[in-house]
Amino acid sequence: MTVTVQLVRHGKTKGNLEKRFAGGKTDDSLCSQGKEELLSFVSDSIYLSTKEVFSSPMKRCLETAGILFPECSADMNIIEEFKELDFGIFENRNHEELNGNDDYQKWLDSKGKGDIPGGERMNDFAKRVMVGFEKMISSAKANEMTAVVHGGTIMAILFSLNGGSFYDYLCKNGRGYVFEYSTEDKRILNLRKL
């Protein structure tokens with residue numbers, strides 16, 4: 001069986017504007033600029049209409065889902081495993097604040113693959129997110145679904161299913177990807193950007 005999956009990154013938050021590592025412990029709301037951008041994307045009709053919406057439990061994702069798919073907000077499906085990476089001691093801090101920190105420099109030198117003190121390992125994060133992805137696929141009632149999640153969550157899903165580099169799938173706030181997913185082969189077909 002093949003299903004259509006749309007992955008949408010949440011709208012901008014104040015932390016995004018300040019380039020902070022807003023992970024699984026930072027529960028920010030959308031900022032006014034983020035809400036305005038999402039409404040402009042809706043009026044430009046960049047999203048596929050969907051019958052079922054899944055979301056990370058974080059406020060920024062739930063608020064985004066409510067703006068993009070108000071007709072589905074009463075029946076929102078929450079997937080805990082879709083939370084963003086736990087950035088440990090880097091959480092809610094930005095490059096300027098972390099510059100000069102030895103642990104941060106080691107992490108940068110590893111291209112984001114190294115350990116984050118007090119945080120989550122990249123491989124563990126990807127495994128967790130894929131447990132959530134399988135939950136979404138197996139519980140979906142329709143063959144078209146949308147997941148409103150975090151940038152890291154999108155990268156983890158696409159890297160796990162499609163290969164390449166984790167950062168190949170980086171996308172801006174309010175943007176994302178659409179693809180067909182073969183449930184038998186567990187592979188992506190026709191990947192395209194929103």
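Author: A cavity is a set of grid points where a 1.4 Å probe fits but cannot get out. The model discussed here is predicted.

Reader: Which element provides the largest share of the lining of the largest cavity?

Author: The lining consists of Thr 4, Gln 6, Leu 48, Ser 49, Thr 50, Glu 144, Met 145 and Thr 146. By class, these residues divide into two nonpolar, five polar and one charged. Strand 1 and strand 4 are the elements that give two or more residues to this lining. The largest share, three residues, comes from strand 4.

Reader: Which element gives the most to the largest nonpolar core?

Author: The largest nonpolar core has 39 residues. Elements giving two or more residues to this core include strand 1 (2-9), helix 5 (102-109) and helix 7 (151-162). With eight residues, the element that gives the most is helix 6.

Reader: Which residues does Phe 133 touch, not counting those up to four places away in sequence?

Author: Phe 133 is among the residues with the most contacts inside the largest nonpolar core, as are Val 5, Phe 82 and Met 136. Contact here means heavy atoms within 4.5 Å. With residues up to four places away in sequence left out, Phe 133 touches Val 5, Phe 82, Ile 157, Leu 161, Phe 179 and Tyr 181.

Key
Residues numbered from 1 in each chain as written. Predicted model: local features only at pLDDT ≥ 70, side-chain atom pairs only at ≥ 80, totals over all residues. Heavy atoms only, no water. Core = buried A, V, L, I, M, F, W, Y, C linked by side-chain atoms within 4.5 Å. Buried < 20%, exposed > 50% of the residue type's maximum accessible area, 1.4 Å probe, protein only. Helix = DSSP H or I, 4+ residues; strand = E, 2+ residues; numbered from the N terminus. 1 Å grid on protein atoms, 1.4 Å probe; cavity = no way out; pocket = protein on both sides within 12 Å on 5 of 7 lines; lining within 4 Å. Nonpolar A, V, L, I, M, F, W, Y, C, P; charged D, E, K, R; others polar.
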